Amino acid sequence: EKGKPVAEWLHDLAVLVDTTEHLNVLNVNMQSCNKLVTEYYDSIRAFQIKLCLWEIQLSRSNPAHFPSLQSVHVAHGNNDNMDRYTAKISWLKSEFQNRFLVFTRLKKEFSLFCSPFVVIAVSDVPEKLQMELIEVQ
């Protein structure tokens, strides 16, 4: 934006750098070979939990997991109004929820696949698997 103070612009850039780094780590993780779909699910779910954490922390003006933003805070003073960063993280969280909705729908199946010995209500399992689950448990 024209006329934006340099310190504010640096804060915005720092958030962009940190967010891009977090997304890059997830991207590299998702490109790993020989993974089961449940492992991809775990990676996406973990990232969504991180987004929730970052949203809460930024709403409290705490950039704990944004090292570039922390550096800018030290060098150029605190920018206590992090509402716009919280809004961006909220938007990203919403995008992840929408794009990976199928994972949410398959949560029970993934749980059953990963931990068939964990006591769960057999009635919650698809009927075609109920008898086998009883035998396994």
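This is a predicted model: local features need pLDDT of at least 70, side-chain atom pairs count only at pLDDT 80 or more; totals for chains, interfaces and linings use all residues.
A pair of aromatic rings is described by the distance of the centres and the angle of the planes. In this structure there are eight aromatic pairs. One of them is formed by Y41 and F110, whose ring centres lie 5.0 Å apart and whose planes stand at 50° to each other, an arrangement classed as tilted. Because Y41 belongs to helix α2 (residues 37–59) and F110 to helix α6 (residues 107–114), this pair ties together parts of the chain that are 69 residues apart in sequence.

The assignment follows from the angle, because planes over 60 degrees apart count as edge-to-face. This pair, too, links distant parts of the chain, since W54 lies in helix α2 and F66 in the loop between α2 and α3, twelve residues apart. W54 and F66 are both buried. An aromatic ring is involved in another kind of arrangement at Y40, where K35 lies over the face of the ring at 5.1 Å from the ring centre.

Two packed helices are described by the angle between their axes and the distance between the axes. For helix α1 (residues 6–30) and α2, the angle is about 170° and the axes are 10 Å apart. The two helices are therefore roughly antiparallel to each other, because angles over 145 degrees are counted in that class. On the side of α1, the residues that meet the partner helix are H22, L23, L26, N29 and M30, and on the side of α2 they are Y40, S43, I44, F47 and W54. Sorted by class, this contact has seven nonpolar and three polar residues, and no charged residues.

With a relative accessible area of 13%, S43 is buried, and when its neighbours within four places in sequence are left aside, S43 is in contact with L26, N29, M30 and K35. The C-alpha atoms of S43 and S59, which are 16 residues apart in sequence, are 24 Å apart in space. In helix α1, by contrast, L16 has a relative accessibility of 53% and so counts as exposed. L16 and S115 are 99 residues apart along the sequence, and their C-alpha atoms are 38 Å apart in space.

The loops contain two residues with a positive phi. N34, in the loop between α1 and α2, has a phi of about 60° although it is not a glycine, and its relative accessibility of 80% means that N34 counts as exposed. S61, in the loop between α2 and α3, likewise has a positive phi, near 60°, in a residue other than glycine. S61 is partly exposed, with a relative accessible area of 27%.

The loop between α2 and α3 also holds A64, which counts as partly exposed at 33% relative accessibility. Apart from its neighbours within four places in sequence, A64 is in contact with Q57 and Q70. A64 and V122, which are 58 residues apart in sequence, are separated by 42 Å from C-alpha to C-alpha. Q70 itself lies in helix α3 and is partly exposed, with a relative accessible area of 34%. When residues up to four places away in sequence are not counted, Q70 touches P63 and A64. Between the C-alpha atoms of Q70 and N27, which are 43 residues apart along the chain, the separation is 24 Å.

Terms used
Residues are numbered from 1 along each chain as its sequence is written. Side-chain values use heavy atoms; hydrogens and water are left out. Rings of Phe, Tyr and Trp (its six-membered ring) pair if their centres lie within 6.5 Å; planes under 30 degrees apart count as stacked, over 60 as edge-to-face and the rest as tilted. Helices (H or I, at least four residues) and strands (E, at least two) are DSSP runs, numbered from the N terminus. Buried means under 20% relative accessible area, exposed over 50%, partly exposed in between (1.4 Å probe, protein chains only). A charge sits over a ring if NZ of Lys or CZ of Arg is within 6 Å of the ring centre and within 35 degrees of the ring normal. Axes are lines fitted to C-alpha atoms, for helices over the stretch in contact, and angles run from 0 to 180 degrees between N-to-C directions. Angles under 35 degrees count as roughly parallel, over 145 as roughly antiparallel, 65 to 115 as roughly perpendicular and the rest as oblique. Contact means heavy atoms within 4.5 Å. Ala, Val, Leu, Ile, Met, Phe, Trp, Tyr, Cys and Pro count as nonpolar, Asp, Glu, Lys and Arg as charged, and the others, Gly among them, as polar.
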